[in-house]
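Let's take a friendly walk through one protein model. Have a look at the sequence and the 3D view first, and then we will go through some details together.

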Amino acid sequence: LIIIVLYIGILYTSHKLASPHSHVQPSPPTTNSRREQLLLMLGQHREEESRKIKEKDVEKIIVQKEKHKHDLNKKEKNLRMKRNKKASQMKHVASTQIMDEVKQKKEKNTSNSKNIITAYNNNNIGRGDGHLTTLSIILPCGFEHEYFYPTIRSIYEATPSHVLHEIVVVDDASMPPLRPIFDKKNHTYGDIANKVKFVRLDDAVGLIGAKHQGALASSGDILVFFDCHVKPAENYWESYLDQI
């Protein structure tokens, strides 16, 4: 009987172990494994906090750089505005000075022109009846070696002798000088030489300066300024005598 009971107990135990619904409950974790998990979680938390701190520091640095850049731009803009304002003030002062100088020169030239007109009237130029009868043709010539002599010839031939008082050739520092060239070309046309006067300038003074020197050397009633490479129209001189 005892043997039968033991046999039945062994069969029951074997059947229980072979059943698919039976499973072994896991053993609870030990104290050491929990400590490791806590340490791991603590390390992860510290890393997360460190990362957040670094991100805040980077963001703070970026904000500071942007603020510094903004301050530099603002400072540069203010400096540029000050420079522009100063430059504008300097231009205004310079412009005012130039305008004053131009005004003074204009007043001086006007005064000189009035004095010249008064001198002409006082000297009783012309025939004495208020008419001007002779022309001084002034030619400012700077390096006009090819054209000055044909211009002289054309003026001489187009102007009556009693009207043409003189042709004043202002040699504005031409090299070589114009007078020897004129003498060489004019050896067969000697009558022109009696009407031509040369004014030699060793230092070039330009067109206006040459005209001024020619006017100072002229003695006719009417001063006519031509370029040194022209041919006057037929009877050009009549309008000068009629209208002046």
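## A link between two cysteines

Cys 141 and Cys 228 are joined by a disulfide, with an S to S distance of 1.9 Å. The two partners come from distant parts of the chain, 87 residues apart: Cys 141 sits in strand S1, and Cys 228 in the loop between S4 and helix H6 (237–243). A disulfide is a covalent bond between the sulfur atoms of two cysteines. Keep in mind that you are looking at a predicted model, which holds one disulfide. The link of Cys 141 and Cys 228 is right-handed, with 80 degrees about the S-S bond.

Are these two cysteines buried or exposed? The table shows each of them.

| Residue | Relative accessible area | State |
|---|---|---|
| Cys 141 | 0% | buried |
| Cys 228 | 1% | buried |

Both count as buried because buried means under 20% relative accessible area.

Now for the strands. S1 (residues 135–141) and S4 run parallel, joined by four bridges. Across this pairing, Ile 138 stands opposite Phe 225 in S4.

Finally, how confident is the predictor? The protein has a mean pLDDT of 80, and 76% of its residues reach 70 or more. Over residues 124–128, however, pLDDT stays under 50. Where pLDDT is low, the predicted coordinates should not be read in detail.

How values were computed. Residues are numbered from 1 along each chain as its sequence is written. This is a predicted model: local features need pLDDT of at least 70, side-chain atom pairs count only at pLDDT 80 or more; totals for chains, interfaces and linings use all residues. Side-chain values use heavy atoms; hydrogens and water are left out. Two strands pair if DSSP finds at least two bridges between them. Helices (H or I, at least four residues) and strands (E, at least two) are DSSP runs, numbered from the N terminus. A disulfide is a pair of cysteine sulfur atoms within 2.5 Å. Buried means under 20% relative accessible area, exposed over 50%, partly exposed in between (1.4 Å probe, protein chains only). pLDDT is the predictor's confidence in each residue, from 0 to 100. Contact means heavy atoms within 4.5 Å.
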